[in-house]
Amino acid sequence: MENDRGPPYLSEDHSLNVVVERTSLWRSFHEICRTSLFRQTEEQYDPERVDSYYPQPASRTELLLSFKGAAIGTVAIDDLMNGQAALRMVAIHSEHQRSGHGRMLLQLAEKFAAQQGVQQLCVNANPEATDFYRALGFTEGVWSEKEQADCSTESPLSPVVQMFKPLRNETVL
């Protein structure tokens, strides 16, 4: 597995690796986003646009979940520089959904974020995914009025439900 920025975050069969632009991990990340999150053809999907879209100033880290060596999931963590980080592009490849991989993806992403000093994870959840996030300890509530307004008017993924989860110190690896 490629990983140019330190060790991956591990479980028994899963690893979470930092995606470095223009590597095989970057291509896998965008293939999963294109097919499982945005459900677009290659002609419709523009990774440059996806990589450069920031609803508010942030430092983005893209992470790729692998299961037994195969890339199966994505998450981008936008550090909002205020103790909060927004989870974006959360996706599990369609062939691997409903098998616990999404839960593992968020557990590993949570550990990564906590190690980066994040105190609260936030997400603009698809209404159909709120039960999933709630089961992982997220609570419905506005965490950014600006993003809430942007998502209701400009997002192709609207409507969204804002949710957040405080991180505890014991989450750190």
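Trainee: Where is Asn17 found, and what makes it count as buried?

Mentor: In this predicted model, Asn17 is found in strand 2. Its relative accessibility is 1%, and the cut-off for buried is under 20%, so Asn17 counts as buried.

Trainee: What makes the pairing of the Asn17 and Ser15 side chains a polar contact?

Mentor: The distance is 3.3 Å between the two side chains. The limit for a pair of N or O atoms is within 3.5 Å, so the pair passes on distance.

Trainee: Which backbone oxygen does the side chain of Arg34 reach?

Mentor: The side chain reaches the backbone oxygen of Gln40, at 2.6 Å. Gln40 is also among the residues Arg34 touches once those up to four places away in sequence are set aside; the others are Arg39, Thr41, Glu42 and Tyr45.

Trainee: And Arg39, what stands out about its phi?

Mentor: Phi of Arg39 is near 50°, a positive value in a residue other than glycine. Arg39 sits in the loop between helix 1 and helix 2 (47-52). With a relative accessible area of 62%, against a cut-off of over 50%, Arg39 is exposed.

Trainee: What about Met89, where is its place and what is its phi?

Mentor: Met89 has its place in strand 5, and its phi is near 50°, positive in a residue other than glycine. The relative accessible area of Met89 is 10%, under the 20% cut-off, so Met89 is buried.

Trainee: On to helix 3. How do you know that helix 3 is largely enclosed by the rest of the structure?

Mentor: Count the buried residues: 11 of the 15 residues of helix 3 are buried, so the helix is largely enclosed. Among them are His101, Met104, Leu108, Glu110 and Phe112.

Trainee: How do you know that the span of helix 3 agrees with what it should be?

Mentor: At 1.5 Å a residue, its 15 residues should span 21 Å. The end C-alpha atoms are 21 Å apart, so the two values agree. Helix 3 is followed by Gly117, whose phi is positive, near 95°.

Trainee: What makes Gly102 count as buried?

Mentor: Gly102, found in helix 3 (residues 101-115), has 17% relative accessibility; that is under 20%, so Gly102 counts as buried. Gly102 touches Ile92 and Phe132, leaving out residues up to four places away in sequence. Gly73 is 29 residues from Gly102 in sequence, with 7.6 Å between their C-alpha atoms.

Trainee: Which residues of the largest nonpolar core touch the most other members?

Mentor: That core has 28 residues, and Ile77, Leu87, Leu121 and Phe138 touch the most other members. The elements giving two or more residues to this core include strand 2 (14-18), strand 4 (70-79), strand 5 (84-92) and helix 3. Helix 3 gives the largest share, 8 residues.

Trainee: What is Leu87 in contact with?

Mentor: Setting aside neighbours within four places in sequence, Leu87 is in contact with Val75, Ala76, Ile77, Leu106, Leu121, Cys122, Val123 and Phe138. There is also a second, separate core of 12 residues, which includes Trp26, Tyr45, Leu64 and Met89.

Trainee: What makes Cys33 and Cys122 buried?

Mentor: Cys33 has a relative accessible area of 0%, and for Cys122 the value is 0%. As for disulfides, the structure holds 0.

Trainee: Zooming out, how many helices and strands are there, and how much of the protein chain is buried?

Mentor: The protein chain has 5 helices and 8 strands, and along the sequence they follow the pattern β-β-α-α-β-β-β-α-β-α-β-α-β. Buried residues make up 45% of its 173 residues. The chain exposes about 9200 Å², with carbon and sulfur atoms supplying 47% of that.

Trainee: Which share of the contacts with a separation of 6 or more comes from residues 24 or more positions apart?

Mentor: Those residues account for 58% of such contacts in the protein chain.

Methods:
Residues are numbered from 1 along each chain as its sequence is written. This is a predicted model: local features need pLDDT of at least 70, side-chain atom pairs count only at pLDDT 80 or more; totals for chains, interfaces and linings use all residues. Side-chain values use heavy atoms; hydrogens and water are left out. A polar contact is a pair of N or O atoms within 3.5 Å; within protein, one must be able to donate a hydrogen and the other to accept it, and residues adjacent in sequence count only if both atoms are side-chain atoms. Contact means heavy atoms within 4.5 Å. Helices (H or I, at least four residues) and strands (E, at least two) are DSSP runs, numbered from the N terminus. Buried means under 20% relative accessible area, exposed over 50%, partly exposed in between (1.4 Å probe, protein chains only). A nonpolar core is a set of buried Ala, Val, Leu, Ile, Met, Phe, Trp, Tyr and Cys residues joined through side-chain atoms within 4.5 Å. The expected span of a helix is 1.5 Å times one less than its number of residues. Accessible areas come from the Shrake-Rupley method with a 1.4 Å probe; for residues, only the protein chains shown count as cover. A disulfide is a pair of cysteine sulfur atoms within 2.5 Å.
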